[in-house]
Each structure stands twice: as C-alpha cells, then as structure tokens.
Amino acid sequence: MDCEAFPDLNIVKNVSIVGSELVESYTVYIIEVKIGDHRWTIKHRYSDFYDLHEKLTSEKKIDKHLLPPKKIIGKNSKTLVEKRQKELEVYLQTLLSRFPVSAPKVLSIFLHFHLYEINGIAATLAEDLFHRGEQLLVAGEVFLLRPLQLYAITQQLKLAKPTCANGDARADLGHILDFTCRLKYLKIPGTKGIVGTSNIEEHSLQFDLSVFKSLLQIEITDCSSTQIKGLPSLKPTLATLSIHLSAASMKEILVPESAEFAQWEPEGVDTNCPVTAIIPTWKMLTTLDMSHNYISSIDESVKLIPKVEFLDLSHNALPSVENLQHLYNLVHLDLSYNKLTVLEGVHTKLGNIKTLNLAGNQLETLSGLSKLYSLVNLDLSSNRLAQLDEIKHIGTLPCLEKLSLASNPMCIFPDYRTKVLAQFCDRASEVCLDGIATTEKELDTVEVLKAIQKAKEVKDRMANNEKKISDVSRHAEGGSKSSSSCSLAAPPSSSPSLSHSASSSQGNHK
C-alpha cells in the first residue's frame with residue numbers, strides 16, 4: 001500500500017459529527033475522521049470538547065468564544081442537540097484549518113490520531129521511547145510493535161519532512177531510529193480484521209524491517225508475507241526467527257528474493273549449473289519456528305539456514321520429509337500435526353537428530369525410524385499405530401529415553417505398556433513411556449515376557465531344527481528309493497547286449 005493511504009494532515013482531512021446518542025443523563029456525539037481512504041469514529045460528550053478548548057486556549061491562544069457555550073436547561077433536547085452537533089462540527093473543522101501541518105498533541109489525542117494516523121502514531125511512539133527507550137534496552141525485554149506502527153515509521157521515513165514536525169523534541173523520529181538500531185528482541189502481532197473503530201485492515205499495510213540493525217530474535221504473527229519487507233536485512237544478527245499464521249511456503253520467508261531469479265544458489269556452494277543469483281545465508285540463525293502456517297513442502301530454501309539446530313514446522317500441511325539433509329546441525333525437529341503417512345529413509349535426512357516430534361500425523365508404521373541412532377526423545381502420540389509389533393523398529397535405538405505413544409489404537413491392548421517396554425529388552429528400565437517412568441512391577445512383568453519370548457524362540461528353533469532333520473530324512477529316503485528303482489530297471493535295458501553276446505557265442509561255437 002502506498003503512503004496515500006495515510007497522507008499528511010495538510011493533504012486530505014475531513015472531520016464531521018455524524019450522529020449522537022443519549023448515555024445515562026448526557027449526550028454523546030459521534031465524530032467521524034477521514035484521511036484518504038481511511039476513516040474512524042470517536043465518541044465525545046460536550047464536557048470533553050470543553051476540556052479540549054480550555055487546553056487549546058491556554059497553550060495555543062485559541063479564541064475562547066470559538067466553542068459553543070454550555071447549556072444547563074434542556075441540554076438533551078432534540079433541537080439543542082442537533083444545533084450543538086452542527087456547531088461542534090464547525091469548531092473541529094476550524095481547529096484543523098488552524099493547524100494544517102501538525103495538530104497540537106491535545107487535539108491529536110482528542111481525534112485519536114495517535115491510534116490511526118501516521119504522524120500521530122509515530123509521534124506517540126517517539127515520545128514513549130524518549131522516556132522509556134533506554135530502560136527497555138538495558139532490561140533486554142521483548143518489545144511489541146504492531147504492523148500499523150511499523151507502517152507509520154516506514155511511511156514517515158519516505159516523507160520529505162523534518163523528523164520533528166510538531167516542534168516537540170520528545171516526538172522526534174530520531175528517538176525511534178536510535179531505539180530500532182539497538183533493539184534485540186521484537187514481537188509483531190498482526191490482526192486479520194479491522195483496527196479498533198476504523199476501517200483500516202492491518203494485514204494490508206506493508207512495513208520495512210531494515211531499520212532494525214541488532215535484532216537477535218523476532219516473532220511475527222498474523223501478517224501476510226507480502227507485507228513484510230526487509231527481512232533479509234536481519235541476516236547478520238538474527239538467531240531466532242518465529243513466523244506464525246503468515247506464510248504459505250518457507251521460501252517466501254527465507255528467500256523472498258527468489259521471486260526475482262529463475263535460478264539461485266546459497267553463497268559458498270560450488271555448482272556447475274548456471275545461476276542468476278547467489279543468495280547470502282542466514283549465518284547466525286539457530287532456531288526457526290514456522291509452526292501454525294500453511295506450508296505444504298519443505299523446499300530448497302533450507303539450504304540458506306545451515307546453522308539451524310531447532311526447527312519447528314508443526315501445525316502445517318506437510319505430506320513428507322524433504323531437503324533436511326542440508327541441515328547438518330539439526331538436533332531438535334517438530335513435525336507434529338502435519339499430514340505425514342510414511343517415513344522411509346528418514347535417517348538419511350536426520351542423521352544427528354535427538355528430539356523428534358511426530359504427534360498428530362497419520363503414521364501406521366515406524367519402519368523408517370530404525371536407524372535414528374542419536375534419537376533421545378520421540379513423540380508418536382495421536383497417530384494411527386495399531387500393531388504393537390511396530391515397536392520393534394525403534395526398540396533397538398541405543399539412546400532413546402523418552403517415548404510417547406498416547407492416543408494410538410495400540411494403546412487399548414491389555415498390558416500395553418509392558419508389551420511395549422519388553423521390546424526394548426535390557427533397556428526397558430531406561431525408557432520413560434508416555435511421561436511415566438517404568439515401575440519395578442512393570443520391569444518384573446517385562447522380565448516374565450522376555451522369558452516367555454525367549455522360551456518361544458528356543459521352541460521355534462527346536463521346531464525348525466526338527467523340521468530340517470525331517471526334511472533331510474525324507475530327502476535321503478527319496479534318494480534311496482530312486483537308486484533301487486534304477487537297479488531293478490537295469491536288466492531290461494542291457495538285454496540286447498546280452499542277447500547279442502549269446503548269439504555271437506553260439507555263432508562261434510558252430
């Protein structure tokens with residue numbers, strides 16, 4: 001959105017009183033303020049106008065007769081109210097014409113410019129930081145700025161005007177710029193609806209984050225990715241990035257420049273393929289939280305976050321695990337509440353993972369987890385795991401200590417806990433299942449189950465050995481019978497020779 005949405009006061013302004021209402025024993029006037037395409041309403045009773053006028057006559061030498069006089073008798077009569085409404089409207093319009101460039105602070109607050117108009121918003125923030133800025137920076141607290149405030153700062157920097165338009169040094173824009181250059185922790189909570197009594201839609205206002213030079217941590221919620229500008233400028237310092245309810249892809253946050261280039265690669269990567277851009281990596285970023293978004297794939301933009309150790313992509317729409325082999329330092333991964341159904345070959349992408357949250361997916365098998373040898377914590381709750389036999393795929397993981405299987409179909413089986421723990425063999429005592437440490441009683445039962453299983457395996461081996469012996473015996477018997485048959489059949493086949501020899505003998509005898 002361009003700056004015409006919130007132009008300066010001397011460009012477009014309009015104030016009118018559009019109605020009134022009786023509240024208890026007094027009349028409240030409904031004031032509508034319009035600046036450009038935006039408007040908002042305020043409600044004031046006559047005494048508020050009177051207080052405003054007293055301050056203006058004292059501070060700005062306004063004509064004391066400009067305000068309509070008080071009425072004691074019949075002050076709520078329809079005729080008087082309608083007459084006073086018109087007079088108060090003229091009064092406000094006269095004041096704004098008297099101060100075309102910058103309204104006095106008392107008038108700005110009266111008309112809620114500090115809530116809805118860029119000059120008033122910026123001036124209010126600047127004065128607040130004049131008083132509290134240093135204290136906030138020293139305390140290292142998370143500072144909250146709304147998109148509307150950031151928009152006001154962005155637009156103020158574009159305007160060719162002094163940084164202190166109203167003459168009050170406390171409201172100088174320089175206080176904001178000094179603060180944003182040094183701030184380390186920022187939170188930006190957006191909204192999807194309108195702001196207050198206005199028609200301003202905060203999610204349509206663009207803001208630029210390049211004024212922040214020292215940020216270590218930023219959290220952005222309910223902001224369209226198209227309204228967030230200057231995010232890549234935070235790369236030199238940012239260690240933690242959290243984005244919620246704002247993105248349809250990882251790429252639009254991590255590499256917004258990709259929209260401008262057909263082919264790109266991260267800096268420091270040797271490639272023989274033609275590229276149109278080399279994109280700097282997020283050198284300091286170790287934590288990325290993009291949970292509660294609308295992401296349907298883990299795209300190649302993860303190449304730009306090689307230092308990330310903690311990655312949260314929960315509550316998205318991911319059907320598979322991709323591209324995470326580029327994150328060599330990843331140790332904590334949250335993929336809960338996505339659309340995962342299989343995990344085949346996942347160890348090739350998560351070689352050093354220690355904590356893995358897969359809760360709330362659609363998994364029916366654990367076959368892809370059998371080689372995650374570094375895994376310590378595994379959450380598989382609320383999936384579709386129905387067969388206890390699936391536990392064998394994770395039963396041999398040497399480091400697994402915490403396992404959650406709650407709210408899976410297998411949990412309804414009798415002695416579910418001991419049957420699961422039994423598949424960890426000698427490590428059963430080291431595994432905390434569903435947040436409950438293994439008890440001595442369970443370990444005793446596990447030992448019994450292991451003994452039964454061992455006996456069954458011995459029995460199966462013996463049965464297999466007997467079967468092999470039986471098969472060998474049958475094979476030997478079959479071979480013996482075959483030899484006998486061959487012996488019995490031999491004479492007929494040799495008769496012609498014998499006959500021929502006999503004939504020859506007889507011939508010779510003659």
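Helices, of at least four residues, and strands, of at least two, are DSSP runs numbered from the N terminus. On that numbering, V302 sits in the loop that joins β12 (287–289) to β13 (310–312). The model is a predicted one. Its protein chain holds ten helices and 18 strands, and 41% of its 510 residues are buried.

**Chain as a whole**

- The protein chain exposes about 26,500 Å², of which carbon and sulfur atoms supply 54%.
- Of the contacts between residues at least 6 apart in sequence, 53% join residues at least 24 apart.

- V302 touches M250, N323, H326 and L327, when residues up to four places away in sequence are not counted.
- The C-alpha atom of V302 is separated by 7.2 Å from that of L324, a residue 22 places away along the chain.

**Helices α1 and α2**

- Helix α1 covers residues 46–59 and helix α2 covers residues 78–98; they pack at an angle of about 30°, and their axes are 12 Å apart.
- Because angles under 35 degrees count as roughly parallel, α1 is roughly parallel to α2.
- The crossing in which α1 passes α2 is left-handed.
- On the α1 side, the contact is made by Y46, F49, L52, H53 and L56. On the α2 side, R84, L88, Y91, L92 and L95 make the contact.
- By class, the residues of the contact of α1 with α2 are eight nonpolar, one polar and one charged.
- H53 of α1 is the polar residue in this contact, and R84 of α2 is the charged one.

**Helices α5 and α7**

- Helix α5 (residues 118–139) and helix α7 (residues 173–182) have axes that come within 8 Å and cross at roughly 45°.
- The crossing of α5 and α7 is left-handed.
- From α5, the contact takes in A122, L125, A126, L129, F130, G133, E134, L136 and L137. These meet H175, I176, F179 and R182 in α7.
- Nine nonpolar, two polar and two charged residues make up the contact of α5 with α7.

- Most residues other than glycine have a negative phi.
- S382 is not a glycine, yet its phi is positive, at about 60°. S382 lies in the loop between β16 (377–379) and β17 (402–404).
- The relative accessibility of S382 is 28%, which means that S382 counts as partly exposed.
- D415, also not a glycine, has a positive phi of about 55°. The loop between β17 and α9 (416–422) is the place of D415.
- D415 has a relative accessibility of 53% and therefore counts as exposed, for which the cut-off is over 50%.

Note on methods: Residues are numbered from 1 along each chain as its sequence is written. This is a predicted model: local features need pLDDT of at least 70, side-chain atom pairs count only at pLDDT 80 or more; totals for chains, interfaces and linings use all residues. Side-chain values use heavy atoms; hydrogens and water are left out. Buried means under 20% relative accessible area, exposed over 50%, partly exposed in between (1.4 Å probe, protein chains only). Contact means heavy atoms within 4.5 Å. Accessible areas come from the Shrake-Rupley method with a 1.4 Å probe; for residues, only the protein chains shown count as cover. Axes are lines fitted to C-alpha atoms, for helices over the stretch in contact, and angles run from 0 to 180 degrees between N-to-C directions. Angles under 35 degrees count as roughly parallel, over 145 as roughly antiparallel, 65 to 115 as roughly perpendicular and the rest as oblique. A crossing is left-handed if the near helix is turned anticlockwise from the far one by less than a right angle, and right-handed if clockwise.
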